[in-house]
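Subject: Structure handover

Hello,

Here is the structure you asked about, with the sequence alongside. My notes on what was found follow below.

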Amino acid sequence: MNKLIYHGHSFVELHLKGKKILIDPFISGNPLCDITSDKAECDYIVLTHGHGDHIGDTADIAGRFDAQVIATFELAEYFAKLGASVHHMNLGGSHSFPFGNLKLTIAHHSSSTPDGIYAGDPAGVVIDSGGTVIYHAGDTALFYDMKLIGEMHKINYALLPIGDNFTMGIDDAVKAAEFLNADTVVPVHYNTFDVIRADEAEFARKIESIGRKCRVLKPGESLEL
Ligand code: NI
Ligand code: MN
């Protein structure tokens, strides 16, 4: 069964075609996370950018499970140098993996690793797994080309940051949902730290008022896809 499990912040776990994929596995230092890194079993780790609250425990998990790290070229190279198995990609490129087709999209943000190394451009991710399409926006500002992403992909689930300060806030994320023409929206990247507090109930109301579905997930909660 395909499913999505939310682990707090931007960390989501996907089960697609029998594979386990972690996106932005921020566990250590994530006060919302419901699991410990020894429980973060996976086949693939997808990273949207190099910031510490996204790469999180990647080096540790990738090493223990021999999971492949999928990221933009420079960020993949960073993990290759740490001994991980990696798949280098870049913006606009897609590749077919055993769990589905994955494309990296633009995101308006910045990207460097916690030790100050340039990590390439930040990205969003579109995964099409047998017609189920999931878009994880990564950390980003609102941008008009989300319309293009929505035109090119019939998005079933859009994971959008709503915490403001570093990314879109609630109103920009509602506009993003409209541009993306997504069926169901899941808010991420909020309430982890004081500076990104956001009212998820307000977000859900505003998403429903534009005729879209909103699923607010508590850490540990999952969604059947
Ligand atoms: Ni970031
Ligand atoms: Mn972030």
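How many bridges join strand β12 to β13? Two bridges do, and the strands run parallel. One of the facing pairs is valine 185 with cysteine 214 of β13. Please keep in mind throughout that this is a predicted model.

Strands β12 and β13 belong to an open sheet of seven strands, in the order β7-β8-β9-β10-β11-β12-β13, with mixed pairing. The edges are held by β7 (94-97) and β13 (213-214). Each of these has a single partner strand, so one side of each has no neighbour in the sheet.

Strand β2 (residues 12-16) pairs with strand β3 (residues 19-23) in the antiparallel sense, over five bridges. The two form a hairpin with two residues between them, and lysine 17 in the turn has a positive phi of about 50°. Valine 12 has isoleucine 23 in β3 as its bridge partner. Strand β3 is also joined to strand β4 (residues 44-46), this time by three bridges and in parallel. Isoleucine 23 takes part here too, with valine 46 in β4 as its bridge partner.

Next, the interior. In soluble globular proteins, nonpolar side chains tend to be buried together. The largest nonpolar core in this model has 52 residues, and those that touch the most other members are Phe99, Leu102, Tyr135, Leu160, Leu180 and Phe203. Helix α5 gives the largest share of this core, seven residues. Apart from this core lies another, of 22 residues, which includes Ile35, Ala67, Ala76 and Ala84.

If neighbours within four places in sequence are left aside, leucine 180 is in contact with Tyr135, Met146, Ile149, Gly150, Ile155, Ala158 and Leu160.

Phe166, Phe193 and Val195 make a nonpolar surface patch of about 270 Å². Phenylalanine 166 sits in the loop between β11 (157-161) and α5 (170-180). Why does phenylalanine 166 count as partly exposed? The reason is its relative accessible area of 48%, because partly exposed covers the range between the buried limit of 20% and the exposed limit of 50%.

Last, the charged pairs. The whole structure holds eight salt bridges; three of them are described here.

- Lysine 39 and aspartate 38: the closest N and O atoms are 3.4 Å apart. Lysine 39 is exposed at 57% relative accessibility, whereas aspartate 38 is partly exposed at 47%.
- Aspartate 183 and lysine 154: the N to O distance is 3.2 Å. This pair links distant parts of the chain, 29 residues apart, with aspartate 183 in the loop between α5 and β12 and lysine 154 in the loop between α4 (146-152) and β11. Both are partly exposed, aspartate 183 at 27% and lysine 154 at 49%.
- Lysine 206 and aspartate 171: the N to O distance is 2.9 Å. Here helix α6 (residues 200-209), which holds lysine 206, is linked to helix α5, which holds aspartate 171, across 35 residues. Salt bridges with shared partners join Asp171, Glu202 and Lys206 into one network. Lysine 206 is partly exposed, at 27% relative accessibility.

Regards

How values were computed
Residues are numbered from 1 along each chain as its sequence is written. Chains are lettered from A and ligands numbered from 1 in the order in which they are written. This is a predicted model: local features need pLDDT of at least 70, side-chain atom pairs count only at pLDDT 80 or more; totals for chains, interfaces and linings use all residues. Side-chain values use heavy atoms; hydrogens and water are left out. Patches are made of residues with over 30% relative accessible area and no salt bridge: like charges are joined within 9 Å, nonpolar side chains (Val, Leu, Ile, Met, Phe, Trp, Tyr) within 5 Å. Accessible areas come from the Shrake-Rupley method with a 1.4 Å probe; for residues, only the protein chains shown count as cover. A salt bridge is a side-chain nitrogen of Lys or Arg within 4 Å of a carboxyl oxygen of Asp or Glu. Helices (H or I, at least four residues) and strands (E, at least two) are DSSP runs, numbered from the N terminus. Buried means under 20% relative accessible area, exposed over 50%, partly exposed in between (1.4 Å probe, protein chains only). A nonpolar core is a set of buried Ala, Val, Leu, Ile, Met, Phe, Trp, Tyr and Cys residues joined through side-chain atoms within 4.5 Å. Contact means heavy atoms within 4.5 Å. Two strands pair if DSSP finds at least two bridges between them.
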